[in-house]
Amino acid sequence: MKMSIKKLAKLANVSATTVSLVLNNKPSRISESKKSEIKELAQLHDYEPNFSARNLVMKQSKTIGLLIPDIENLFFSALAKKVEDELRQEGYSLIFVNSNDDYKQDLSLLKNLVNRGVDGLLLTVANDSIKHKSSYESLLKRLNTPFVMVDRTIGNPNHPQVFFDNKLGGYMATQYLIEKGYKKIACLSTKDISVNGLYRYEGYVKALEQAGYNIDQSIVFSGDYRFQSGYEIADKLILENCDALFAGNDLMAYGVIKRLRELGKNVPNDIEVVGYDNLEFSRMLGLELPSIEQNISDLGKKSVELLLNIINNHPVDTVIELKPT
């Protein structure tokens, strides 16, 4: 039979409240010897706390909801792992859901997490949701659940959010190619579907303008952050005689590189490709891919810290901008 807190208290000849204080490491006047006795009895009898009962009393579920757009994107799967690691250390469980970058699923899953009674939300919105900004804003205003927007935002500086300076990242990637002497630098952009993509594109433009390059829209290609969109534009790079490309993320860069190799081109000798995210997957595949790094560990840690501070009513800055490298 499962050991209850009342039975454990009886064995230790103390009250259930005393057992609770000891096992939750709460301040008390209980002697160290009695604390040790209670903990030893709990371990001996495999005592496990009744979280449901505790949560009813504390009005907390000790769970956090994480909404991500694409679990197949290695950036977001790595982010989910880091968030789960950080929350576990704080005594929280994680429920994560995947929207497939779809606005309707974004709203449905967000509401589902709220109905499950999570204590807080970490939201990485679908690119599709940017097209429905007013509706999304309306939903966020009605939320009674604390939330933090992670990595992707919808352009509202009043929301709690943790993100990287994407314009700086796009600038750095393009500047790297300029400094290596490339003259016709293409861009595989997601500016039409993503706030982050727009800022990365603006960084690309800024670097070219500062170096005295003309902005040639014929070599600015549209992508969707996925491998296939990179694969499909590689032929155009050759037709336009491009000698370098800034890709808006590593997955699209992988697609470009695969197709260029199929066409008999050497990367980087014939065309150099720079990515964005600096995924560990590149090293696993042995790819020499220069890439802008967004430190996923920092992003996950700062996002969790901010959300828990909001939940616990600790005054903090609610907008955190991280720097890529």
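Angles under 35 degrees count as roughly parallel, those over 145 as roughly antiparallel, those from 65 to 115 as roughly perpendicular, and the rest as oblique. The angles themselves run from 0 to 180 degrees between N-to-C directions, with axes taken as lines fitted to C-alpha atoms, for helices over the stretch in contact. The model is predicted, so that local features need pLDDT of at least 70 and side-chain atom pairs count only at pLDDT 80 or more, while totals for chains, interfaces and linings use all residues. Residues are numbered from 1 along each chain as its sequence is written, and side-chain values use heavy atoms, with hydrogens and water left out.

**Helices α10 and α11**

Helix α10 (residues 227-239) packs against helix α11 (residues 250-262) at an angle of about 45°, and their axes are 6 Å apart. The two helices are therefore oblique to each other. Helices (H or I, at least four residues) and strands (E, at least two) are DSSP runs, numbered from the N terminus. The crossing of α10 over α11 is right-handed; that term applies if the near helix is turned clockwise from the far one by less than a right angle, and left-handed if anticlockwise. On the α10 side the contact includes Phe227, Tyr231, Ile233 and Leu237, and on the α11 side it includes Leu251, Met252, Tyr254 and Val256. Contact means heavy atoms within 4.5 Å.

**The six-stranded sheet**

An open sheet contains six strands in the order β2-β1-β3-β4-β5-β11, with parallel pairing. Strands β2 (93-98) and β11 (319-322) stand at the edges with a single partner strand each, so one side of each has no neighbour in the sheet. On average, neighbouring strands of this sheet are turned by 15° against each other, direction ignored. Two strands pair if DSSP finds at least two bridges between them.

Strand β4 (residues 147-150) runs parallel to β5 (residues 161-164) and is joined to β5 by two bridges. Valine 150 stands opposite valine 162 in β5, and methionine 149 is opposite glutamine 161 in β5. On the β11 side, β5 pairs in the parallel sense over four bridges, and glutamine 161 stands opposite valine 319 in β11.

In a regular strand the side chains alternate between the two faces of the sheet. Both faces of β5 are covered: Gln161 and Phe163 on one side, and Val162 and Phe164 on the other, are all buried. Buried means under 20% relative accessible area, exposed over 50%, and partly exposed in between, with a 1.4 Å probe and protein chains only.

Strand β8 (residues 244-247) pairs with β9 in the parallel sense over three bridges, with leucine 245 opposite valine 273 in β9. Strand β9 (residues 272-277) is mostly covered, six of its six residues being buried.

Threonine 174 lies in helix α8 (residues 166-179). At 0% relative accessibility, threonine 174 counts as buried. Leaving aside neighbours within four places in sequence, threonine 174 is in contact with Ile185, Tyr204, Ala207, Leu208 and Phe246.

**Salt bridges**

The structure holds 18 salt bridges. A salt bridge is a side-chain nitrogen of Lys or Arg within 4 Å of a carboxyl oxygen of Asp or Glu.

| Residues | N to O distance |
|---|---|
| Lysine 35 and glutamate 32 | 3.5 Å |
| Glutamate 37 and lysine 34 | 3.0 Å |
| Glutamate 280 and arginine 283 | 3.3 Å |

Lysine 35 and glutamate 32 are three residues apart in helix α3 (residues 32-44), which means that about one helical turn separates them. Glutamate 37 and lysine 34 are likewise three residues apart in helix α3 and separated by about one helical turn. In helix α12 (residues 280-285), glutamate 280 and arginine 283 are three residues apart, again about one helical turn.

Glutamate 32 is exposed, with a relative accessible area of 58%. Glutamate 37 is partly exposed at 31% relative accessible area, and arginine 283 counts as partly exposed at 44% relative accessibility. A network of salt bridges links Lys82, Glu86, Lys301 and Glu305.
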